[in-house]
Amino acid sequence: MTTPEDFIKGDITISSLPDVFTRLDNAINDPRGSLSVIADLISKDAGLTARLLKIANSALFKFSNEIVTISQAVTVIGMQQLRDLILATSVIDMFQQNNLDKETVNSFWHHNIACGITARVIATYRREVNVERFYVSGILHDLGRLVIYMKAPELTKITQLRANTDKTTIYESEQKILGFDHAAVGGKLLSTWNLPDSLIQMVSYHHNPSASPNYPLEASIIHMADIISCAMQLGFSAEDYVPPLDPAAWEMLGLKKSVLTGIMNQVDQQFADAINIFVRE
Amino acid sequence: MVLAKDIMNSYGRIILRSGVEFTEREIYILKTWGITEAEVEEESCKSIEKPSAPNIAPERLEQVEKEMKRIFSRSNFDHPVMNELFRLCLQRRIKHEAKAENN
């Protein structure tokens, strides 16, 4: 395995996104598409409907009234935002149907979901539009790690050992051993799925956000969210060390360090709820 | 607590002048304005700083701190943001530990 592509090609289980997401994406992008068509499409999938309603009624949104139908959810959350939430849900489901050790996979998702929540909270502090795209990018940021683990479990061990010998983080040892890291593999997978470039760059550059050609600010949000969620020890994704901060990324965020307390409190409030919705323990 | 710098809204209009004594009421008003931080004079807030006295055994406290130092050890700890994050995460951990011990 010498390129990020090698980890992905030829595997039909991960080379395409679930059908429901593709159909929904087409319907949302269709200028003649209507809210009722989209709501119908979602409602046909009972599991997805239940999940989305749970998300809409969770601590993430804190709406005062209960949301009971998908068309209500589309109205209050927004179509693009709902699509991002469906993407996150579909990918988590897709990767839970495998033969990997359940505890490892669950812990992996705990870390990624925590990162998604943190990214969303940071984006809210910055008053970004459509904060759900940060949520989904955070949830997908370490996907490359799971792919490497699925394809070459021994490689995960080797990079961990090397990191311990060199006293560095695993992504640095991946770069030494493979010439690229899990972020590149994750980015490649997202581009195979034809997802937007902003999402691909947020994932590909989450360890070196300043290098992102078009979306350094977006990548910086994921970078910071990854650091905070690692430091809060919510879940575990092969790495239990807090990765180093790119000082330029922090500058770009334009936040004061006094916001950290508020960010961490909100993450703590939302975490348990999100895990209940997304992860089958 | 005494306000150290004027608080202005986004149009530059002054909402509170420096030198004002801060009470719960001022904080409440600022919160409703959406203002989340303000600079206060250092001396004036010493009186409200509560010493952190968690109800956990000193040996356990030491263990928790050591573990937190370990997970931050491969990061750039010298950066002020990382330093603050470390402090907050340690505090949070200690709080969790104290809660677990009391239950």
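Modeller: Start with this pair: the side chains of Asp268(A) and Arg92(B) meet in a salt bridge, 2.8 Å from N to O. A salt bridge here is a side-chain nitrogen of Lys or Arg within 4 Å of a carboxyl oxygen of Asp or Glu.

Colleague: How many salt bridges are there between chain A and chain B?
Modeller: Two. Over all chains, the structure holds 24.

Colleague: What should I know about the model itself?
Modeller: It is predicted: local features need pLDDT of at least 70, side-chain atom pairs count only at pLDDT 80 or more, and totals for chains, interfaces and linings use all residues. Residues are numbered from 1 along each chain as its sequence is written, chains are lettered from A and ligands numbered from 1 in the order written, and side-chain values use heavy atoms, without hydrogens and water.

Colleague: Back to the interface. How many residues are in contact?
Modeller: 29 residues of chain A are in contact with 20 residues of chain B. Contact means heavy atoms within 4.5 Å.

Colleague: And what area is buried between chain A and chain B?
Modeller: About 2200 Å², with carbon and sulfur atoms giving 58%. Buried area is the accessible area (1.4 Å probe) that two parts lose on being put together, summed over both.

Colleague: New topic. Where in chain A are Glu218(A) and Arg133(A)?
Modeller: Their side chains meet in a salt bridge, 3.8 Å from N to O. The pair links distant parts of the chain: Glu218(A) is in helix H14 and Arg133(A) is in helix H8 (residues 132-140), 85 residues apart. Helices are DSSP runs (H or I, at least four residues), numbered from the N terminus.

Colleague: Is Glu218(A) buried or exposed?
Modeller: Buried, at 13% relative accessibility. Arg133(A) is buried too, at 18%. Buried means under 20% relative accessible area, exposed over 50%, and partly exposed in between (1.4 Å probe, protein chains only).

Colleague: What about chain B? Which helix holds Glu65(B) and Lys69(B)?
Modeller: Both lie in helix H2 of chain B, four residues apart, about one turn of the helix. Glu65(B) is partly exposed at 32%, and Lys69(B) is partly exposed at 47%.

Colleague: Which residues do salt bridges with shared partners join into one network?
Modeller: Arg126(A), Glu128(A), Arg133(A) and Glu218(A).

Notes:
Helices (H or I, at least four residues) and strands (E, at least two) are DSSP runs, numbered from the N terminus.
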